[in-house]
Amino acid sequence: MAPKLNRMVEHQNTNLDRTYAALSDPTRRAILSRLMQHEARVTALAEPFDMSFNAVSKHVRVLERAGLVRREIRGREHYLSLDATPLMEASEWIDTYRAFWDKRLGHLESFLRRNKTGKKERTV
Amino acid sequence: MGEIHAATQAEIRIRKLLPASPQEVFDAWTDPESLKVWFCPGDTMRTEAELDLRVGGQYRIVMHAEKTDYIHTGEYCEILPAQRLVFTWRSTMTHNEDTLVTVELYPRGDQTELVLIHERLPSADVAASYNAGWLTIVEKFAAYLR
């Protein structure tokens, strides 16, 4: 494997673990789903959930640490909005595996082609 | 947004049509001398390949590049000549966690269709727990990005 690919995969590992961990919870996915429509105040965000404000706040903090949610303070209100970057990185991470195999299978194809020509030349 | 969708996959699946018979393709995967030739990336200077081709047997491929060595190891799980090869795969790329690679071969005239499935990718346990709700999120998200 090319060193560049290796470094890329290692660099993304920690961030990705955080992204996946953040996405593994249904409440947090529901929060993201709401923020996808528009930004929201923390208090408004907590309303539809059947849990305490503190519990919702904890979930929000996990999403913030994963970089999926941004917090902006305007006056006395905290506004939350969605940040797409970590999701992009998650898809890039899986693409590195795909790129790795695409390249290997390309080599395999040339190898088989060369082999075939070699064999023909030998038999002639 | 296909890229976003890919984030929910716990595995990758690649198809490729190859100009050889299934047996020839199978041999290229299981003969160490052949593997050394085609499996190395461009900057590899020398490759060592030791394969113990039997179910439960280990393989070890070491690629010496200019600055570092890349070590790939694993164990053969299924060996069906000219049809199917299943092995575990562990390297720095998989953060030294065991992943699973399946290579399936199908005759297509004088060619072979190869299907490669790489699963149990790191973080895949979490990815696999994504439910339908999460897929909906991805779709909404894709629409949002458009």
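Modeller: Begin with the elements: helices (H or I, at least four residues) and strands (E, at least two) are DSSP runs, numbered from the N terminus. Read in that way, chain A follows the pattern α-α-β-α-α-β-β-α along its sequence, which comes to five helices and three strands. Please note that this is a predicted model, in which local features need pLDDT of at least 70 and side-chain atom pairs count only at pLDDT 80 or more, while totals for chains, interfaces and linings use all residues. Residues are numbered from 1 along each chain as its sequence is written, chains are lettered from A and ligands numbered from 1 in the order in which they are written, and side-chain values use heavy atoms, with hydrogens and water left out.

Biologist: In what order do the strands of the open sheet in chain A stand?

Modeller: Strands of a sheet pair through backbone hydrogen bonds, either parallel or antiparallel. Here two strands pair if DSSP finds at least two bridges between them. The open sheet of chain A has the order β1-β3-β2, with antiparallel pairing. Six bridges join β2(A) to β3(A), residues 77–82, and A:I73 stands opposite A:H78 in β3(A).

Biologist: Why is one side of β1 and of β2 of chain A left without a neighbour in the sheet?

Modeller: Both β1 (40–41) and β2 (69–74) of chain A stand at the edges, each with a single partner strand, so one side of each has no neighbour in the sheet.

Biologist: How should I read a nonpolar core?

Modeller: A nonpolar core is a set of buried Ala, Val, Leu, Ile, Met, Phe, Trp, Tyr and Cys residues joined through side-chain atoms within 4.5 Å. Buried means under 20% relative accessible area, exposed over 50%, and partly exposed in between (1.4 Å probe, protein chains only). The largest core has 36 residues; A:W101, A:L108, B:V25, B:W29, B:F87, B:V103 and B:L114 touch the most other members. Helix α5 (residues 85–123) of chain A gives the most to this core, with eight residues. A second, separate core of 19 residues includes A:A22, A:A40, A:L45 and A:V56.

Biologist: Is B:E113 buried or exposed?

Modeller: B:E113 is buried, with a relative accessible area of 13%. This residue lies in strand β7 (residues 111–119) of chain B. A polar contact is a pair of N or O atoms within 3.5 Å; within protein, one must be able to donate a hydrogen and the other to accept it, and residues adjacent in sequence count only if both atoms are side-chain atoms. The side chain of B:E113 makes such a contact with that of B:R108 (2.7 Å).
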